[in-house]
Amino acid sequence: MAKVPVQFTLNGSEKAEFVESGATLLDVLRDKIGDTSPKAGCRQGTCGSCSVIVDGELRLSCLTLAETCEGASIVTTAGLAEGGVLHPLQRAFMDAFATQCGFCTPGMIMAAKALLDRNPDPSRDEVVEAIAGNICRCTGYEPIIEAVLSAARSNSISAA
Amino acid sequence: MALTVRTFPDTGAAAAALAAAGSRYLGGGTLVVRQANEGDLSFSTFVRSTDPALKAIAVEDGRVRLGAGVTMAAIAAHPALAFLAPAAKAVGGPAIRNMATVGGNLFAPSPYGDLATALLALDATVTVGGAAVPIDLFLAGRERHAAEIVEAVAFAVPAAGAFRFRKASRVKPKGAAVVTVAALVATEGGTVTAARIALGAMADRPVRAEAAEAALIGRPLTAEGIAEALAAAGDGLDPPTDAIASGWYRRAVLPVHLGRLLAG
Amino acid sequence: MELRKTYFADERKDDLHEIGQPRPRSDALGHVTGKTAFFADRSFPGMLHLKMVRSPHHHARIRSIDTSAAQKHPGVVRILTAKDVPHNLYTILILIQVGPEDEHVLAEDKVRWKGEAVVAVLAETERAAQEAAAKVEVDYEVLDPVLSIDAALAPGAPIVNEHHGRNYYLYDSGEARKVRFGDVEAGFAAADHILEQSYASAPIEHAPTETTGCIVVPEGSGRFTCYTNTQAMFFTLDNTSIILQMPGQQLHMVGGTVGGGFGGKVDVIVEPIAILGAKLTGRPVSFVYSREEEMQISSPRAAEKLVIKDGVMKDGRIVARHVKAYIDAGAYSRHSPYGAQKSAAHFPGPYTIPNVWVDSHCVYTNRTPSSAMRGFGVTIGDFALEVQMDKLARLIGMDPLEFRFVNAYRDGDMKAHRQPTEGAALVECMQEAARAANWPIDERFMAMSSRTREGL
């Protein structure tokens with residue numbers, strides 16, 4: 001099997017791996033590097049469970065080939081808490097009961113982060129649009145929308 | 001055979017590599033990586049080009065040229081392409097729009113292909129295999145073009161208000177099409193002088209509603225004026241039945257959505 | 001959220017420390033940091049991937065299976081067919097004496113639904129397993145399929161499942177689970193109006209975001225650790241023990257973390273064959289459904305057909321209810337004989353009706369086996385019953401909510417399946433619903449209680 005070298009940063013730390021040519025970023029993150037926060041829910045690009053942020057953009061790691069990420073900066077939910085302090089989105093998801101089975105949660109948090117990174121004070125409609133590619137089968141979405149809005153509010157409070 | 005990826009800095013070399021059996025062009029990955037993930041064994045090599053020209057957007061002298069690698073998100077964010085933003089935003093969720101490309105959308109199977117439907121209404125020209133092909137011809141023979149590389153699409157900037165787009169889906173804001181309708185309509189003194197109407201999810205690929213186009217000429221865009229066009233909208237079509245809608249349902253609601261597009 | 005304390009105030013204790021207090025989920029921190037370990041969040045050196053060759057036909061006889069080309073495919077380690085499975089015929093509820101065993105782990109002589117497992121391929125990579133699976137040749141003689149409840153029960157219909165010998169489950173009560181209460185014909189004779197309506201539903205897929213699967217690791221001591229997302233750990237343990245003819249202490253099931261289940265992960269499907277693969281190869285095995293398999297192969301909620309006939313008086317009292325229910329089990333029993341039984345007990349609904357007659361049939365068709373899903377056997381019946389209630393109210397010109405107050409069960413009422421009602425709260429729920437929805441109802445209904453029949 002042809003192996004190809006690929007280097008990128010994952011949550012701020014340098015990674016260099018020999019990966020199977022054609023391997024998805026999702027499989028490399030999970031099986032090679034051991035970051036299992038992105039989940040494989042469909043491998044079709046329809047559920048959003050594998051969402052990660054690549055060079056500031058929300059992407060589906062199940063449809064991204066690892067070798068196309070050479071030199072990229074990748075962020076996953078596993079890298080959000082800093083020094084044991086939860087990211088406001090993580091805190092808000094806990095407080096608002098926005099997580100039940102937990103399988104969609106890391107992808108959902110990535111989608112929400114991609115929104116707040118460029119729009120710190122989103123409207124409810126903008127939140128709905130931002131998580132439209134992420135399927136949750138437990139919550140009915142309302143607690144998730146509330147969590148994202150609440151995280152945005154707490155962000156703006158701490159920035160003030 | 002295990003999958004491999006072959007990456008080329010220029011599109012010509014990639015095109016040559018694509019001629020090898022079992023090869024598939026990799027654009028944004030939302031169609032072909034999905035196929036590989038789902039166990040499609042008909043190909044084992046991804047070919048890609050990193051030529052920056054594929055990512056270029058040019059709006060000059062009333063013409064738009066979109067590189068085939070331009071993403072839906074890039075179209076939606078471009079200030080000169082506001083008229084096309086609704087079609088680009090109709091594709092997938094935010095992550096898909098950051099990945100899915102113009103070139104890929106031309107090959108998207110029904111019920112996908114919202115941007116291609118818009119481009120069909122806009123009478124775009126597709127640059128593929130070094131030749132400029134009218135989009136009607138391109139779509140009709142797109143299986144043949146899968147072994148070539150689409151470089152760009154180009155079309156005239158429509159007059160203000162002339163281009164219209166509407167997608168009906170069961171899930172909002174993201175959902176595959178029950179039916180997608182796009183129209184480029186020119187009017188003079190309140191009556192239609194020219195019309196191109198494109199339909200998505202009404203066949204295995206975007207198609208024109210030519211009978212409806214003809215029925216609009218010389219008519220005003222009023223309920224009475226468009227009645228004949230709506231009645232003819234589904235002429236000759238046998239819409240697909242899939243998980244989103246039955247063919248019967250698509251045919252039944254097409255006039256409703258086309259009516260809202262034209263006179264709503 | 002508001003906790004209304006006026007209802008059942010005398011039963012309320014306000015010195016509780018947990019009830020009524022918001023408490024964080026114990027698993028939330030793991031979820032939001034991505035650290036919760038789902039079964040697939042583990043990989044093991046040398047892990048094999050299992051792919052299933054499935055029937056492309058709804059109903060067919062298997063003439064022959066040729067795995068020779070697949071066997072030679074690069075990366076293939078082992079191929080499993082029916083003869084490799086120690087006890088290939090099983091049914092989940094045999095654990096509680098609901099037989100007969102009616103389903104093959106891997107198909108032997110026949111396939112009975114489109115998607116039935118026929119041959120398992122174990123290979124070094126998923127891709128190699130897919131490629132080899134495509135090389136397995138199965139020669140089928142296609143048979144007429146039975147694709148609806150009506151077709152299954154039609155005279156001369158092809159037999160779907162020979163282990164039953166007829167296209168319905170035979171209960172100890174006969175062709176249906178039966179409820180007989182009062183004299184339903186006398187009730188209809190006395191009724192002012194009679195309304196008979198049919199209701200039908202299609203199968204419904206749970207569509208959990210995490211697909212069904214497991215990873216099995218041989219522990220080297222004859223023991224196997226199976227990381228699974230089953231919702232039914234002990235059903236899985238005991239059925240696997242029967243299927244593989246292995247004592248339970250050799251089967252170490254690890255689970256409890258499920259990425260959405262909703263009843264869709266209570267069947268015992270992936271674990272036995274994955275453990276067998278690990279046993280026969282001595283290597284870790286991963287068997288995870290693709291999204292397409294989750295949608296097409298995992299069991300859905302059963303399709304149902306219900307015929308409800310009610311006799312009602314002008315004053316709103318329902319005096320007779322006659323129900324024929326047909327639950328589409330698909331090709332195999334799974335949990336459906338139990339679902340049909342549950343529906344029989346439920347069918348009068350939360351209403352006190354003096355004369356009730358119910359027959360609930362569990363029917364076999366050549367469709368994907370159905371099984372558990374949130375309130376299975378009850379949910380579709382409730383849909384039908386409540387639509388029927390609205391129609392009855394309209395028929396006699398009564399407000400639909402007031403009509404339900406007249407018929408709502410009260411503590412002490414005997415239910416049709418001979419369980420006395422206790423702890424009823426329907427009256428109070430409807431009172432609160434009327435308030436919340438600003439739905440005006442007569443004051444006499446607002447004064448009613450689930451504890452007495454006063455005011456009726």
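How much area do domain 2 of chain B and domain 3 of chain B bury between them? The figure is about 1900 Å², with 62% of it on carbon and sulfur atoms. Buried area here is the accessible area, taken with a 1.4 Å probe, that two parts lose on being put together, summed over both.

Before I continue, a word on conventions. This is a predicted model, in which local features need pLDDT of at least 70 and side-chain atom pairs count only at pLDDT 80 or more, while totals for chains, interfaces and linings use all residues. Residues are numbered from 1 along each chain as its sequence is written, chains are lettered from A and ligands numbered from 1 in the order in which they are written, and side-chain values use heavy atoms, with hydrogens and water left out.

Let me stay with chain B. Its domain assignment gives domain 1 (4-49), domain 2 (52-156) and domain 3 (163-263); such bounds come from an automatic or database domain assignment. The C-alpha centres of domain 2 of chain B and domain 3 of chain B lie 20 Å apart. Domain 2 of chain B brings 27 residues to the contact and domain 3 of chain B brings 25 residues, where contact means heavy atoms within 4.5 Å. On the side of domain 2 of chain B, Pro111(B), Thr117(B) and Ala121(B) supply 29% of the area buried against domain 3 of chain B, more than any other three residues.

Five salt bridges are found across this interface of domain 2 of chain B and domain 3 of chain B; a salt bridge is a side-chain nitrogen of Lys or Arg within 4 Å of a carboxyl oxygen of Asp or Glu. Asp123(B) forms a salt bridge with Arg196(B), and their closest N and O atoms are 3.3 Å apart. There are also 14 residue pairs in polar contact between domain 2 of chain B and domain 3 of chain B, both residues at pLDDT 80 or more. A polar contact is a pair of N or O atoms within 3.5 Å; within protein, one must be able to donate a hydrogen and the other to accept it, and residues adjacent in sequence count only if both atoms are side-chain atoms.

Which element gives the largest share of the side of domain 2 of chain B that touches domain 3 of chain B? That element is α7(B), with six residues. Helices are DSSP runs of H or I, at least four residues long, and strands are runs of E, at least two, numbered from the N terminus. Eight of the eight residues of α7(B) are buried, that is, under 20% relative accessible area with a 1.4 Å probe, protein chains only, where exposed means over 50% and partly exposed lies in between. Among these buried residues are Thr117(B) and Ala121(B). After α7(B) comes Asp123(B), with a positive phi near 60°.

I turn now to the contacts between chains. Between chain C and chain A, about 2200 Å² is buried, and carbon and sulfur atoms give 60% of it. In chain C, His31(C), Val32(C) and Thr209(C) lose the most area to chain A, together 28% of what that side buries. Two salt bridges are counted between chain C and chain A. Asp41(C) and Lys39(A) meet through their side chains in a salt bridge, at 2.6 Å from N to O. Helix α1 (residues 28-33) of chain C provides the largest share of the side of chain C that touches chain A, five residues.

Chain B and chain C bury about 540 Å², of which carbon and sulfur atoms give 45%.

Finally, the interior. In soluble globular proteins, nonpolar side chains tend to be buried together. The largest nonpolar core has 92 residues, of which Phe93(A), Phe46(B) and Leu84(B) touch the most other members. A nonpolar core is a set of buried Ala, Val, Leu, Ile, Met, Phe, Trp, Tyr and Cys residues joined through side-chain atoms within 4.5 Å. Leaving aside neighbours within four places in sequence, the contacts of Phe46(B) include Leu65(A), Leu3(B) and Val33(B). Another core, of 51 residues, lies apart from the largest one, and includes Tyr171(C) and Cys362(C).
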